[in-house]
Amino acid sequence: MAEFNEVYRRATYYDIVFGRDVTREIDFVIEVYRQHHNGSDPTSLLDLACGPAYHARNFAKRGFRAVGLDLRAEMLAFADDLAQQDHIHVEWLSADMRDLNLSAPVDVAINVFDGIDCLLTNDDLVAHLNTIADNLTEGGLYFIDVTHPRLTSYDYYEPFRYHGERDGISVDIRWNADHVLINPIDNIASTQVEMVVNDNGNIEAFTDMALERILTAQEIVLLSQLTGKLVPVGWYGDYELTQPFDNTPSSRLMIAVLQKRELING
């Protein structure tokens, strides 16, 4: 997700809207990994642009090593508080997705909810893919989850709306789709997001503007090839093994699965 800092630094409000059970998503990640590793489970996971670290914390609850990476100190502090409440351990890392160095490589890396779209140039994306590959175990998998391209195309940007309520606080977040234009040369959109908070009668509104790169499947393929380290091995339209990445209504995501392995020429 693009760097909407006015939204992201308000971690509690963000969590009221987006906090959810991600068990199905982690189950999916584990099952895809099993398919590529003769039934073996992954034992370590990196949650990139993790925010409140829903996925890292879910993985840690299963007794495995989990790492949560984010640039926002507020998000990492909030995520750590939640982890401590659940009596689980997660390694926290404040680092740039283009240049990171884990204490030990991981079996799986995930980048969900359009977290990769803040990388705007091909150089940024190749640097990112290279550093992910360098921090994966041999045969490790990298899951990239972005909105289906048909929902963020040149002539249509879906008006995304989100709402949440908790402890007398209601939060509404909306993408200002009426004013989104995607540059046809670099696939970069300038996007405005509005957050309205009613905190027990105290109403505040925040507006954020950020740039986001709209990725296509073939861009992911070609950028992966440039690394010489990652190979696309799967495409899904949702966190369901039976849902291909296609143009049916059930396919609302583009989930690319990349594997760290030696490229085969020809």
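These legends walk you through several views of one predicted model. Local features are described here where pLDDT is at least 70, and side-chain atom pairs where it is 80 or more, while totals for chains, interfaces and linings use all residues. Residues are numbered from 1 along each chain as its sequence is written, and side-chain values use heavy atoms, leaving out hydrogens and water.

View 1. Helices (H or I, at least four residues) and strands (E, at least two) are DSSP runs, numbered from the N terminus. Along the principal axes, the C-alpha atoms fill a box of roughly 60 × 45 × 35 Å. The radius of gyration, taken over C-alpha atoms, is compared with a globule rule of 2.2 Å times the number of residues to the power 0.38. For 266 residues a compact globule would come near 18 Å, and the chain agrees because its value is 18 Å.

**View 2. Seven strands make an open, mixed sheet.** Read across, their order is S3-S2-S1-S4-S5-S14-S13. Two strands pair if DSSP finds at least two bridges between them. Strand S3 (91-93) and strand S13 (230-236) sit at the edges, each pairing on one side only. On average, neighbouring strands of this sheet are turned by 20° against each other, direction ignored; axes are lines fitted to C-alpha atoms, for helices over the stretch in contact, and angles run from 0 to 180 degrees between N-to-C directions.

**View 3. Strands S1 and S2 pair in the parallel sense.** S1 covers residues 44-47 and S2 covers residues 65-69, with four bridges between them. Look for Leu 45, whose bridge partner in S2 is Ala 66.

**View 4. Two helices lie across strands of the sheet.** Helix H5 (residues 73-85) lies across S2 and S3, running at about 175° to S3.

**View 5. The largest nonpolar core holds 56 residues.** Such a core is a set of buried Ala, Val, Leu, Ile, Met, Phe, Trp, Tyr and Cys residues joined through side-chain atoms within 4.5 Å. Buried means under 20% relative accessible area (1.4 Å probe, protein chains only). Phe 28, Phe 143, Val 171, Ile 173 and Met 195 have the most contacts inside this core; contact means heavy atoms within 4.5 Å. Not counting residues up to four places away in sequence, Phe 143 touches several residues, including Phe 28, Val 108 and Ile 255. Apart from this core lies another, of 30 residues, among them Leu 46 and Leu 215.

How values were computed
Buried < 20%, exposed > 50% of the residue type's maximum accessible area, 1.4 Å probe, protein only.
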